[in-house]
Amino acid sequence: DGSYPAPAPWNNTNKQPVANDLFANLKDHNNVATTVGISIVSAWQALGNGSNYFGTTTGNNSGVYPDNVMKTAYWSDTREQTFKLVGLSTTSKYSLTFFGARGDVSDNRMTNYTVGATTVSLQSANNKTNTVSINNISPDANNEIVVKLKNGTGSVYSYINALVIQVSYDDGNAPAKPANLALASTSNGV
């Protein structure tokens, strides 16, 4: 809800998720606006608020991400939630890394993240260090990637506290051959 903003280069949504929200022109790791955005598809607001700040913290930012990233979350119950990455490039492939966390709990908080036919699962209970990824995703004909969030087997909640989007350019051509390459012999290699 914007109570705990994360430092750059993180993008903050700063509100509770509502269907049709569009968080456009996400900034990259250099703080430069991109064409990539997040579009909320499902009626997350049916949960009451759909967000909280009950994730995990270390007190010194020593987790996999800064404390304010790990602390804040969009969450759901047993209802599947959907969002889309929009403004993507057809000549690129994307890797998505997901982090989910709910602090101070010991029950099952398994969360499933699905893109197309690929699902990865993450135990979100007291998570401070683990992430899961889906790699080499091509956007659909609308230059979008649809992501589904759902509780895992035995869990009644699901969480997304952070999403890292990595892009790799792929125009379908083989890499160019190196030019002006020189080698030098050393005592332990070339």
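Is T82 buried or exposed? I started my notes with that residue. At 10% relative accessibility, T82 counts as buried, because the cut-off for buried is under 20%. I keep in mind that this is a predicted model.

**Entry 1: T82**

I placed T82 on the chain next. It sits in strand β5, residues 81–86.

**Entry 2: the chain as a whole**

I stepped back to the overall layout. The protein chain has 1 helix and 12 strands. Read along the sequence, I get β-β-β-α-β-β-β-β-β-β-β-β-β. I looked up the extent of the C-alpha trace along its principal axes, and it spans about 60 × 45 × 30 Å. The chain has 190 residues, and 38% of them count as buried.

How much of the contact set comes from residues 24 or more positions apart? I took the contacts in the protein chain with a separation of 6 or more, and such residues account for 67% of them.

**Entry 3: the largest pocket**

I turned to open space. Rolling a probe the size of a water molecule over the atoms shows where empty space is left. The largest pocket has a volume of about 1200 Å³. Its lining counts 46 residues, and the closest to the pocket centre are W10, N11, L26, I38 and L163.

Which elements give two or more residues to this lining? I noted β2 (37–40), β3 (51–52), β4 (73–76), β6 (92–99) and β12 (162–169). Of the elements, β12 gives the most, with 6 residues. I also sorted the lining by class. It has 25 nonpolar, 17 polar and 4 charged residues.

**Entry 4: N127**

Where is N127 found? I located it in the loop between β8 (118–123) and β9 (132–137). N127 is a loop residue, yet it is buried, with a relative accessible area of 4%.

**Entry 5: aromatic pairs**

How many aromatic pairs does the structure hold? I found 8. I looked up Y4 and Y53 among them. Their ring centres are 5.2 Å apart and their planes stand at 50 degrees, so the pair is tilted. Y4 lies in the segment before β1 (22–23), and Y53 in the loop between β3 and α1 (67–71). The pair therefore ties together parts that are 49 residues apart in sequence.

I checked the exposure of both rings' residues. Y4 has a relative accessible area of 30% and is partly exposed. Y53 counts as partly exposed too, at 36%.

Y157 and Y159 form another tilted pair, 6.4 Å centre to centre and with 35 degrees between the planes. Y157 is partly exposed at 29%, whereas Y159 is buried at 2%.

Ring pairs link Y4, Y53 and F54.

**Entry 6: backbone geometry**

I then looked for backbone exceptions. Most residues other than glycine have a negative phi, and most peptide bonds are trans.

Which form does the peptide bond from A8 to P9 take, cis or trans? It is cis, with omega near 15 degrees. P9 is found in the segment before β1.

N143 has a positive phi of about 60 degrees although it is not a glycine. I placed N143 in the loop between β9 and β10 (145–151). At 25% relative accessibility, N143 counts as partly exposed.

N180 also has a positive phi, near 55 degrees, and is a residue other than glycine. N180 is found in the segment after β12. It is exposed, with a relative accessible area of 82%.

Key:
Residues are numbered from 1 along each chain as its sequence is written. This is a predicted model: local features need pLDDT of at least 70, side-chain atom pairs count only at pLDDT 80 or more; totals for chains, interfaces and linings use all residues. Side-chain values use heavy atoms; hydrogens and water are left out. Helices (H or I, at least four residues) and strands (E, at least two) are DSSP runs, numbered from the N terminus. Buried means under 20% relative accessible area, exposed over 50%, partly exposed in between (1.4 Å probe, protein chains only). On a 1 Å grid over the protein atoms alone, a cavity is a set of points where a 1.4 Å probe fits but cannot get out, and a pocket is an open set with protein on both sides within 12 Å along at least five of seven lines; lining residues have an atom within 4 Å of a point. Grid points are joined across faces, edges and corners, and a volume is the space filled by probe spheres set on the points. Ala, Val, Leu, Ile, Met, Phe, Trp, Tyr, Cys and Pro count as nonpolar, Asp, Glu, Lys and Arg as charged, and the others, Gly among them, as polar. Rings of Phe, Tyr and Trp (its six-membered ring) pair if their centres lie within 6.5 Å; planes under 30 degrees apart count as stacked, over 60 as edge-to-face and the rest as tilted. Contact means heavy atoms within 4.5 Å.
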